[in-house]
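Here's a walk through a predicted model, taken feature by feature. Have the sequence and the 3D view open as you read.

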Amino acid sequence: MSTEEEILTSTSGAAAPGEATSDVDAAQPNVTAADEMPATLQPRLHVHQDSVAYITVSDPVQHSEGLKGKFTAYRVAYDPPPPAADADATGAKQALLPYATSVNRRYSDFSWLFDHLHKERPGAIVPPLPEKQQVSRFSDDFIEERRFHLEIFLRRVVCNPELKDTECLLVFLGGGDAEFKKAKKDGSFGTGSATSNADAAVSQTMSDEYNDGIEMRDDHHHEHTLVDKGKDFASHKKKGLKKWLKEKKTNFKGTLVRSPEDPIFEEVAHFVSALEAGLKRVEAQASAMVKRDKEVSASLLEFGLGCEAIAHVEDEINGTGVEDVAGSSGIGQTFRMVGKTADAVSAISSEHHLRELGCFAEPLRDHLKMVHSVKVALSKRQNRRITYSTCLNAVDSKKESLHKYRITPGQEGKAFGVESSLSRAESSLLVAQANYQEVSARVLREVDRFRKENAVAMYATMVEFARAQKEQSEKLSEAWAALLPQVESVDATKCNGSSFAQTAAALKDGSRTNVVAGAGGSVEAVAAQVDNMAMPSYPPPPEPASAQGAGNMESSMLNGAVRYRDPLPEE
């Protein structure tokens with residue numbers, strides 16, 4: 001494993017050293033469930049080593065918003081790394097903020113950051129957020145799991161060279177409550193970025209194209225007056241512009257712009273699709289193996305209880321104490337030995353199940369989510385390609401319209417308006433082209449970085465899986481190997497107690513007085529006691545309901561009892 005990454009198995013909820021804390025933060029507990037959780041229960045997800053020391057998400061606290069319900073806030077702490085001894089001017093810029101911060105953020109704030117990272121850096125691979133959950137949102141296990149994954153998300157964002165200097169991230173980490181709420185409400189940051197300018201220019205170009213299309217349609221209906229045109233198209237323009245822009249961006253009809261790197265992106269798309277298909281197959285089988293190991297652990301536990309029950313039965317028959325293992329013999333001793341080993345193997349299998357879940361199944365799911373993030377980045381580049389192609393087609397269309405108005409008598413006045421629209425379209429085309437090239441270059445850089453980091457992460461996952469299987473096999477072999485000599489030394493034919501036939505003969509013939517003596521006397525005394533025992537008396541049957549019913553039945557005396565039977569046919 002390279003020195004740039006490490007496997008994160010557990011995180012501490014304590015504040016990073018040197019961070020500033022407010023009075024509210026000081027009153028909050030500094031211990032999280034992760035401090036007491038076994039390391040095998042924490043997924044081994046891969047993050048950069050540089051981010052572990054100075055980015056933490058800790059201290060989940062529940063709050064109430066009245067009618068809106070409850071929510072959980074997390075303490076996000078940032079502590080800039082200490083400057084190196086030979087730090088120069090460039091090294092000092094590596095810190096996101098020159099001071100330590102500590103803010104409270106809820107899940108919706110992380111979701112806001114996730115969305116704005118996509119908007120501010122289209123084409124960058126934004127790490128995945130933990131999924132939402134509608135039920136048990138306030139259980140301790142779910143809150144700790146979400147805290148852990150939110151911390152992984154934030155550390156990956158901070159260490160991404162394409163995302164670490166975004167304005168939305170700086171506002172998220174260092175903005176106060178008022179500043180952050182204002183940024184969430186009206187997006188008062190990043191308005192001067194190239195991406196925002198490109199989107200605004202393209203939207204204006206599409207709006208002009210939409211208006212030109214309406215105006216050209218109106219030219220075919222000269223009988224409409226100006227007032228009629230306003231009535232017919234004003235509401236349509238107002239309601240349909242947003243929908244038309246959306247359809248224009250997603251349902252592009254025409255030839256897309258081709259660039260020299262298109263074959264490379266096609267190869268990247270094929271690589272990502274094949275990787276996703278392979279990971280889905282591996283993840284499905286990994287989940288099946290984890291489920292099987294859990295079932296094996298439960299089956300071994302039940303098997304051990306069954307063996308112990310059989311040993312208990314044998315001990316009772318042989319007259320040996322239930323807990324007297326040394327006094328057990330024969331098959332009872334064998335079952336007890338096998339049962340105890342099965343219990344130990346069940347515990348080993350349960351531990352292996354948890355290890356597989358945290359070190360194999362969960363990392364595979366995380367790899368799949370990262371692959372999906374790559375696909376999202378590729379889709380951002382495709383959207384910019386469609387936008388660029390749309391602007392290019394808009395410029396060509398406006399050139400044709402301008403030429404048409406210039407050669408048509410009486411349309412010279414409209415030519416001036418089309419010239420202005422064409423000028424704006426050409427400006428938007430240049431912006432869209434630059435934005436498309438910028439996003440394409442960013443996607444290629446991100447894919448290269450993803451391939452390197454993902455290779456390290458998947459390598460560590462597979463090595464951990466192989467190590468877990470090896471250690472599990474060794475533990476199982478040791479447990480069963482230690483049992484086998486003990487079982488082989490047992491004489492299965494040996495029994496401590498007498499046989500059932502001998503005991504029955506002793507009771508019948510009186511040859512075993514010691515058996516009867518335990519009951520309180522000799523054989524003759526027991527026999528006399530049996531002869532003097534009164535036979536149980538049963539109540540007489542109820543009388544028949546009617547005389548006719550009594551005449552149809554006949555009674556006979558058998559051993560002092562009354563039996564009724566149906567009359568025979570000849571009777």
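Is Ser 346 buried or exposed? Ser 346 counts as buried, at 6% relative accessibility. Here buried means under 20% relative accessible area, exposed over 50%, and partly exposed in between (1.4 Å probe, protein chains only). Ser 346 sits in helix 11, residues 330-407. Leaving aside residues up to four places away in sequence, Ser 346 touches Ser 297, Leu 300 and Leu 301; contact means heavy atoms within 4.5 Å.

## Ground rules and overall picture

This is a predicted model, so local features need pLDDT of at least 70 and side-chain atom pairs count only at pLDDT 80 or more, while totals for chains, interfaces and linings use all residues. Numbering starts from 1 along each chain as its sequence is written, and side-chain values use heavy atoms, with hydrogens and water left out.

The protein has 16 helices and seven strands. Both are DSSP runs numbered from the N terminus: helices are H or I with at least four residues, strands E with at least two. Of the 571 residues, 37% count as buried. Among contacts with a separation of 6 or more, 76% come from residues 24 or more positions apart. The protein exposes about 33,000 Å², with carbon and sulfur atoms supplying 56% of that; accessible areas come from the Shrake-Rupley method with a 1.4 Å probe, and for residues only the protein chains shown count as cover.

Two strands pair if DSSP finds at least two bridges between them.

Strand 4 (residues 70-78) is joined to strand 5 by six bridges, and Ala 77 has Ser 102 in strand 5 as its bridge partner.

## Salt bridges between helices

The salt bridge count comes to 29, where a salt bridge is a side-chain nitrogen of Lys or Arg within 4 Å of a carboxyl oxygen of Asp or Glu. Glu 283 and Arg 365 make one of them, at 3.1 Å from N to O. Glu 283 lies in helix 10 (residues 262-318) and Arg 365 in helix 11, so the pair ties together parts 82 residues apart in sequence. Glu 283 is buried at 15%, whereas Arg 365 is partly exposed at 28%.

Glu 464 bridges to Arg 355, with the closest N and O atoms 3.0 Å apart. Glu 464 is buried at 9%, and Arg 355 is buried at 17%. There's also a salt-bridge network linking Arg 258, Asp 262, Glu 266, Arg 381 and Arg 385.
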